[in-house]
Amino acid sequence: MANYRDPKLKVFTGSANPKLSHEIAEHIGLSLGNMETARFSDGECQIKLNESVRGSDVFIIQPTCAPVNEHLMELLVVCDALKRASAKSINVVMPYYGYARQDRKARSRDPITAKLVANLIETAGAERVITMDLHATQIQGFFDIPVDHLLGVPILAKYFQGKNLSDVVVVSPDHGGVTRARKLAERLGAPIAIIDKRRPEPNVAEVMNIVGNIEGKTAIMIDDMIDTAGTITIAANALVEAGAKDVYACCTHPVLSGPAIERIQNSTIKELVITNTLPLPEEKRIDKIKVLSVAPLIGEAIIRVHEELSISKLFDE
């Protein structure tokens with residue numbers, strides 16, 4: 001392990017994904033900050049910083065994964081503790097940004113939770129956010145502080161390049177993901193196809209048409225997140241019925257809630273490639289799932305922010 005010698009860089013972890021935090025710290029070459037997370041008897045979050053952060057650039061790693069409300073509140077309390085402890089800068093590292101799916105008023109009287117969470121993080125004292133594959137890129141504009149938006153596509157593309165698949169077509173499971181699919185397709189030198197779907201209710205998907213040629217090809221579906229896996233498994237079945245030879249799927253954020261694992265296991269998907277922005281419990285680890293690490297990317301981003309270097313260089317490949 002390298003030894004990062006600047007004592008003014010400190011990295012702390014919340015309780016959401018400590019395994020990823022340890023990997024990131026190992027990549028940077030430092031030990032995680034000494035912090036205790038506890039609960040009062042009524043469930044309130046209690047944070048204890050056991051080392052000085054005065055004058056330091058502090059990075060707190062906390063994806064807001066399930067239980068989302070617990071982890072979000074813990075993040076806010078940590079930010080407040082760091083602010084009151086005179087940290088020079090408070091940088092929130094959220095590999096997964098929860099509440100991002102409600103990013104606009106789709107119907108009358110809808111909340112915009114992505115903006116609400118942005119307000120909460122800023123009010124708590126954060127001065128920068130580092131995140132990955134936001135559900136909608138315009139969420140960056142909900143913040144009045146810098147947002148470094150890292151991309152999972154290069155990590156996923158590198159994995160599929162190593163598999164040497166033939167006749168590849170990259171498939172977007174909906175119209176909103178076309179830009180993401182195009183970025184993967186460019187790296188793989190492949191065409192794209194789009195699944196035209198209707199979503200009558202949240203977590204309920206119905207495939208309508210497939211736009212593009214997928215017959216006899218190896219299809220790779222890409223999405224930012226997979227939650228209940230309804231969309232991705234219905235789409236996979238539709239691709240096979242339309243003549244696709246094999247179907248792979250990939251995403252950055254494996255939410256995988258409810259019936260997701262059972263659906264994936266019983267689907268026509270040959271392999272699901274995910275990253276570790278969210279922890280994958282042992283009971284959800286099946287042979288069809290391949291996990292890639294985002295720790296080197298996030299670790300490099302933290303070093304670059306601390307040393308005031310360009311983040312975009314990470315994607316100039």
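## Helix α4 and its cover

The buried residues of helix α4 are covered by elements that include α5 (178-188), β11 (218-226), β12 (246-254), β13 (271-275), β14 (289-292) and α8. Here contact means heavy atoms within 4.5 Å, and buried means under 20% relative accessible area, against over 50% for exposed and partly exposed in between (1.4 Å probe, protein chains only). Helices (H or I, at least four residues) and strands (E, at least two) are DSSP runs, numbered from the N terminus.

Helix α4 spans residues 153-163, and its buried residues are Val153, Pro154, Ile155, Leu156, Ala157, Tyr159 and Phe160. An α-helix has 3.6 residues a turn, so residues three or four places apart point the same way. Asn164, which follows α4, has a positive phi near 50°.

## Model and conventions

This is a predicted model, in which local features need pLDDT of at least 70 and side-chain atom pairs count only at pLDDT 80 or more, while totals for chains, interfaces and linings use all residues. Residues are numbered from 1 along each chain as its sequence is written, and side-chain values use heavy atoms, with hydrogens and water left out.

## Overall dimensions

The protein chain has 8 helices and 14 strands. Its radius of gyration, taken over C-alpha atoms, is compared with a globule rule of 2.2 Å times the number of residues to the power 0.38. For 317 residues a compact globule would have a value near 20 Å, and the protein chain agrees because its radius of gyration is 20 Å. Along the principal axes, the C-alpha atoms fill a box of roughly 60 × 45 × 35 Å.

Of the 317 residues, 53% count as buried. Among contacts with a separation of 6 or more, 63% are between residues 24 or more positions apart. The accessible surface, from the Shrake-Rupley method with a 1.4 Å probe, is about 14700 Å², and carbon and sulfur atoms hold 47% of that surface.

## Nonpolar cores

A nonpolar core is a set of buried Ala, Val, Leu, Ile, Met, Phe, Trp, Tyr and Cys residues joined through side-chain atoms within 4.5 Å. The largest has 44 residues, of which Ile28, Leu150 and Ile302 touch the most other members. Helix α8 (residues 295-306) gives the most to this core, with 7 residues. A second, separate core has 33 residues, including Val58, Val117, Ala136 and Phe142.

Beyond its neighbours within four places in sequence, Leu150 is in contact with Ile130, Thr131, Met132, Asp133, Leu297, Ile298, Ala301, Ile311 and Phe315.

## Backbone exceptions

Most residues other than glycine have a negative phi, and most peptide bonds are trans. The peptide bond from Ala66 to Pro67 is cis, with omega near -5°; Pro67 lies in the loop between β4 (57-61) and α2 (68-84).

Tyr99 is not a glycine, yet has a positive phi of about 65°. Tyr99 is placed in the loop between β5 (89-94) and α3 (113-124), and counts as partly exposed because its relative accessibility is 32%. Asp133, also not a glycine, has a positive phi of about 40°.

## The β6-β7 loop

Asp133 lies in the loop between β6 (128-132) and β7 (147-150). At 6% relative accessibility, Asp133 counts as buried. Asp144 lies in the loop between β6 and β7 and is exposed, with a relative accessible area of 69%. The C-alpha atoms of Asp144 and Arg128 are separated by 9.3 Å, the two residues being 16 apart along the chain.
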